[in-house]
Amino acid sequence: MAATIQVENLEIVGRRGKGAELPIVRDVSFSVQRGEMLALIGESGSGKTTVALSLLGHIRKGCRIAGGMIRVAGYDVTALSPHECRSIRGRVISYVAQNAGSAFNPALSIMRQVVEPALVHRTLPRRDLEARAVSLFRALALPDPETIGERYPGELSGGQLQRLMAAMALMTDPEVVIFDEPTTALDVTTQIEVLSAFKAVFAERGITGVYVTHDLSVVAQIADHAVVLKDGAIREAGTVSKILFQPEDPYSQALLAAAEPRSRQADLAGQPEQRSLLDVRNLVVGYGQRTAAGLPEKVIVNHVSFSVPKGRMLGVIGESGCGKSTLARAISGLQPWAAGELLLNGEPLAGNVRERTPDQRRHLQLVAQNADSVLNPSKPIGQTLERVVRFYGGLRGAAATRRVNELLDMVRLSPSLASRLPSELSGGQKQRINFARALAADPQIVLCDEITAALDTVVAAAILDLMKELQRDLGLSFIFITHDLHALQSICDRVAVLYAGQAVEVGPAMALGKGVHHPYTRLLHDSVPLMEPGWLESTRIKRADEAMPATLLNSLSHDPELCCFLERCPDRVSGLCDRVPPPVRSVPEGPRVLCHLPASICSEFST
Amino acid sequence: MIAMIGKFRSRHDRVLLLIVFWLLLALLGPLCSSHDPGAIGSQPVFSAPSAAHLLGTDYLGRDTLGRLLNGIRHTVLLCFASTLVSCSVGTFLGIAAVTARPWVEALTGRLADGFLSIPSLLFALLVIAVFGTSTTALIVTMGVIYTPGAYRTSRALAQRIARLDFVTVARARGESTPYIILQEILPNMTGPMITDVGLRFIYAVLLLSNLSFLGIGVQPPEVDLGSMVRENMLGMAYGSPAMIVPVVVIGVLTVGINLALDSSSGRR
């Protein structure tokens with residue numbers, strides 16, 4: 001039988017403005033047999049989304065298919081009229097977009113939107129469709145499958161919406177489903193749930209599809225075959241295990257090397273513990289009016305304490321909404337705190353950056369998250385750096401220029417970049433400039449907020465290497481805020497795990513994955529996919545309900561004094577966790593944990 | 001760098017070039033005509049174009065071309081001045097609303113809402129009825145009328161820019177507010193603000209022409225495009241250029257800038 005998807009010698013060209021046409025996709029050929037899942041792997045700009053969308057007969061404005069053939073489930077997509085395209089989209093081939101949060105219309109209930117594609121194609125009457133939707137909700141392990149359709153997108157989480165979007169795509173029983181980075185925007189603990197649900201449905205319904213992603217460990221779980229794209233051309237194609245374990249192309253090997261968790265740790269074992277540079281003590285940050293207790297109405301960062309020794313790197317990890325960015329804003333003096341204190345070199349820092357001394361401001365530098373918005377687009381790089389050099393060091397003229405070149409050299413960029421504007425640089429280069437700007441102040445501690453989140457794996461790995469070099473060469477301290485456990489483990493000395501605004505665990509980064517930890521840390525650690533096929537099936541993350549059904553949770557569980565992780569904790573103990581606030585316990589040679597940590601798991605704690 | 005400037009120019013230079021062209025015409029145009037625009041000659045009224053009078057004569061037998069060039073001067077300069085007033089005051093308030101304390105935004109925002117709710121022609125009639133008509137009164141009135149619109153545009157732009165990371169970093173560095181406004185926010189607003197200036201200029205031309213047509217704008221012996229149309233209404237029966245040409249000029253002026261704006265904002 002012919003392959004369900006067959007792409008031969010596909011060429012797509014595009015033009016920007018009135019320029020000449022440039023090739024975006026070059027001579028791409030692949031095929032997918034019925035019931036198989038093909039992964040399209042590549043970095044941003046590699047053309048993977050363009051290829052995936054062309055299967056739907058959709059080409060972005062300004063681009064066109066210059067040659068080749070696309071055959072999907074017997075239709076020659078390149079030859080279809082727009083009307084015919086519409087008739088197969090959503091019925092024969094459907095699409096699951098990256099960001100489910102913005103793919104749903106917030107004004108309509110879930111059910112109306114999920115059945116819509118099927119209604120458009122009039123496959124079944126509405127009542128049958130709704131029954132079908134409910135069975136899909138169940139298959140995708142959504143909570144309350146009977147009633148979830150009555151709710152609105154704003155009431156559901158990102159992971160739930162992503163699964164609902166998959167349900168929407170599967171409503172018409174399409175021949176082919178295209179997934180475009182469906183889990184990239186999700187937290188790891190959510191990603192694993194979504195992946196398991198997808199995998200179960202794929203197996204049950206024998207779905208043929210294309211899965212676009214840059215995450216190799218996801219590929220290992222989901223796909224049968226893989227195609228590695230770079231600059232619009234295929235670099236390597238084959239079965240997943242071949243690409244992951246015997247890659248032949250140098251580019252695939254580089255991708256794998258970057259994704260491989262690798263330790264960049266310097267050997268610090270012999271060195272004495274340095275004095276503490278930055279101390280965060282019981283910091284409370286929030287919004288709204290103060291309550292009677294003197295705390296804000298909405299607490300975002302809740303009594304967080306940790307310290308950063310000189311020349312060391314502290315990682316702060318947590319999922320979106322856990323308060324890590326607010327913590328960064330508070331430390332850099334942009335968001336006043338309600339209680340607690342912050343000490344730099346033993347001296348208290350003011351909550352407002354304007355009230356800090358020039359030296360304090362110089363010693364603590366912020367490197368912000370988004371490479372695209374972090375540099376003033378109307379100023380050349382050199383000017384941006386020179387401003388900081390002059391602002392803190394008072395250097396002018398030739399001395400300033402020399403210092404700028406020195407800084408560019410420090411972040412491994414050519415001095416000729418100084419005259420360029422940010423729009424002419426790549427994401428990785430911008431992030432290096434971002435670093436250089438912080439270094440221009442000659443700081444003692446640099447606060448990095450999710451700096452690798454928006455970068456491709458290979459580029460991000462290079463930035464991490466750079467950080468490690470700077471730490472070693474300049475004796476800098478870092479606070480590295482991230483949601484990526486691999487990145488954190490590879491460079492950080494210490495780690496603070498944030499959940500719902502509380503530091504549930506603070507300890508050495510080396511100890512992650514072994515020894516005793518807070519249940520959330522363990523969940524986080526176990527949720528990071530490994531690059532082995534079958535990992536998803538073999539990992540069984542214990543669900544909270546198994547420890548103690550939610551119905552048993554004491555009504556007191558909304559008490560803010562109680563453990564913040566109570567509702568999701570797989571190890572919660574009835575009568576203890578839902579009644580008594582968790583104590584701070586420290587494990588000898590291990591982390592400081594905010595948990596009851598029952599004696600049955602471990603007994604050697606000192607309170 | 002050069003490529004970037006080139007890009008910036010190609011996006012906005014049409015609008016700027018067009019405005020500069022009209023300004024030059026307004027400043028230098030009257031010098032090109034040998035006729036005294038106010039002089040009533042012995043020629044017949046509403047005469048057809050001739051070598052002596054390239055656009056014929058008007059209802060008093062005056063040279064139409066000379067009056068037209070003077071009319072353009074008044075219309076363009078008045079409107080340009082009022083646009084400068086509205087856009088600079090509006091931009092200042094818009095940025096202040098973003099960078100100053102919250103009550104500034106609450107106050108300016110509500111004031112702008114209030115002004116926007118009054119129909120502009122009605123407001124102009126009211127002000128002129130109270131203070132009488134004069135060049136200053138017209139500039140100030142039109143300036144006030146279009147300030148809220150410019151305020152809203154600039155506030156929206158500044159709000160978006162002020163949230164970007166590079167502004168956050170500048171604040172964390174301890175930069176002063178004037179530095180942040182002048183160096184970080186303002187340079188990134190210029191593109192859209194030029195579009196806004198062009199748009200306000202068109203509005204002002206239309207409003208001034210309306211007012212003058214109603215007889216409460218520019219007063220004789222001065223002349224602008226709107227009052228020329230009114231004076232020469234009778235000429236419509238004869239197909240006189242004295243009435244048609246100013247109408248065409250108003251059209252060319254406003255539609256031309258509008259098209260230039262569209263082409264510059266539509267392309268990327």
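**Exercise 1. The interface of chain B and chain A**

Task: State how much area chain B and chain A bury between them, and describe which residues and elements take part.

Solution. Step 1: Chain B and chain A bury about 2100 Å² between them, and 53% of this area lies on carbon and sulfur atoms. The structure is a predicted model.

Step 1: On the chain B side, 20 residues are in contact with 27 residues of chain A.

Step 2: Turn to the charged pairs. The count between the two chains is one salt bridge. R387(A) and E175(B) form a salt bridge through their side chains, with a distance of 2.5 Å from N to O.

Step 3: Helices α6 (165-173) and α7 (177-185) of chain B each supply at least two residues of the side that touches chain A. The most comes from α6(B), with seven residues.

**Exercise 2. Domain 2 and domain 3 of chain A**

Task: Locate the domains of chain A, and characterise the contact between domain 2 and domain 3 of chain A.

Solution. Step 1: The domain assignment divides chain A into domain 1 (5-256), domain 2 (276-512) and domain 3 (524-594).

Step 1: The C-alpha centres of domain 2 and domain 3 of chain A are 30 Å apart. Across this boundary, 17 residues of domain 2 are in contact with 13 residues of domain 3.

Step 2: These two domains bury about 1300 Å² between them, with 62% of it on carbon and sulfur atoms. The count of salt bridges between domain 2 and domain 3 of chain A is zero, while three residue pairs are in polar contact, both residues at pLDDT 80 or more.

Step 3: On the side of domain 2 that touches domain 3, α17 (485-491), β19 (494-499) and β20 (502-508) of chain A each supply at least two residues. The element that gives the most is β20(A), with seven residues.

**Exercise 3. The nonpolar cores**

Task: Which residues of the largest nonpolar core touch the most other members?

Solution. Step 1: The largest nonpolar core has 62 residues, and those touching the most other members are F435(A), C448(A), M467(A), F478(A) and F480(A).

Step 1: Helix α16 (residues 457-474) of chain A gives the most to this core, with six residues. Domain 2 (276-512) and domain 3 (524-594) of chain A each contribute at least three residues.

Step 2: Consider M467(A). Apart from neighbours within four places in sequence, M467(A) is in contact with M313(A), F435(A), C448(A), I451(A), F478(A), F480(A) and I491(A).

Step 3: A second, separate core has 60 residues, including A97(A), V115(A), I222(A) and L255(A).

Methods
Residues are numbered from 1 along each chain as its sequence is written. Chains are lettered from A and ligands numbered from 1 in the order in which they are written. This is a predicted model: local features need pLDDT of at least 70, side-chain atom pairs count only at pLDDT 80 or more; totals for chains, interfaces and linings use all residues. Side-chain values use heavy atoms; hydrogens and water are left out. A nonpolar core is a set of buried Ala, Val, Leu, Ile, Met, Phe, Trp, Tyr and Cys residues joined through side-chain atoms within 4.5 Å. Buried means under 20% relative accessible area, exposed over 50%, partly exposed in between (1.4 Å probe, protein chains only). Helices (H or I, at least four residues) and strands (E, at least two) are DSSP runs, numbered from the N terminus. Domain bounds come from an automatic or database domain assignment. Contact means heavy atoms within 4.5 Å. Buried area is the accessible area (1.4 Å probe) that two parts lose on being put together, summed over both. A salt bridge is a side-chain nitrogen of Lys or Arg within 4 Å of a carboxyl oxygen of Asp or Glu. A polar contact is a pair of N or O atoms within 3.5 Å; within protein, one must be able to donate a hydrogen and the other to accept it, and residues adjacent in sequence count only if both atoms are side-chain atoms.
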